[in-house]
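Visitor: I would like to learn how to read the packing of helices in a model such as this one. Could we go through it step by step?

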Amino acid sequence: MFTRQAIKDAFITLVKQDSYAHITVTALCREAEITRSTFYLHYDSITAVLNEVLDEALQLPTQHEPSELDTQLGFDYLKENESLIPACQRIGDSDKYQELLMDPDLSDYIVGHIMAHERERVIPALQQKTGLSREDTETLFLYMIHGSFAVNRAHKFVKDPKWSHDVQLLNRFTNAGYKTFKD
């Protein structure tokens, strides 16, 4: 367990220094202070490390108590409907993972990983909220995850007043859409 954590921590450190595409097993081993054979005892590739880091990041709960900004954004609504909080927002709350989320080489991979992880939790909630078929809800889910990731990435996952404005705008747009489907 200790070695696996050292490898994941080294991976995060290297992603903060350079893009994922430039990380090598040799560099990862050097940073983690382990040998290549030790690395391969625990992982079969750098992608396996990435997947485990992403899985850990996706397990993060919402990390803070409601602030004034959260209240403006409808924090109570989001807490009641936590399955609708985009995973990229939850992950972006952690400084540990922000650089990983900003890596242009990983954007599509991360979005795909988030979708695979969140699909069975979010799709039923969206179906209940909209009354739409699974197929139509999948389309909304795809749009929501890609859109949320793009907006959060554009703001570098920093929750400032401009981000707040944009999220409020998107929440109003989304809630209006929910209402039209339910009517």
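Visitor: In which hand does α1 cross α8?

Guide: In this predicted model, the crossing in which α1 passes α8 is left-handed. By class, the residues in the contact of α1 with α8 are five nonpolar, one polar and five charged.

Visitor: What describes two packed helices?

Guide: Two packed helices are described by the angle between their axes and by the distance between those axes. Here helix α1, residues 2–17, packs against helix α8, residues 95–102, at an angle of about 55 degrees, and their axes are 9 Å apart. The two helices are therefore oblique to each other.

Visitor: Which residues of α1 and α8 meet?

Guide: From α1 come Q5, D9, F11, I12, V15 and K16, and these meet D95, K96, Y97, E99 and L100 in α8.

Visitor: At what angle do α1 and α4 pack?

Guide: Helix α4, residues 46–58, packs with α1 at an angle of about 90 degrees, with the axes 10 Å apart, and α1 and α4 are therefore roughly perpendicular to each other. In this contact R4, Q5, I7, K8, F11 and I12 of α1 meet I46, V49, L50, E52, V53 and E56 of α4, which by class gives seven nonpolar, one polar and four charged residues.

Key
Residues numbered from 1 in each chain as written. Predicted model: local features only at pLDDT ≥ 70, side-chain atom pairs only at ≥ 80, totals over all residues. Heavy atoms only, no water. Axes fitted to C-alpha atoms, helices over the stretch in contact; angles between N-to-C directions. Helix = DSSP H or I, 4+ residues; strand = E, 2+ residues; numbered from the N terminus. Parallel < 35°, antiparallel > 145°, perpendicular 65-115°, else oblique. Left-handed = near helix turned anticlockwise from the far one by under 90°. Contact = heavy atoms within 4.5 Å. Nonpolar A, V, L, I, M, F, W, Y, C, P; charged D, E, K, R; others polar.
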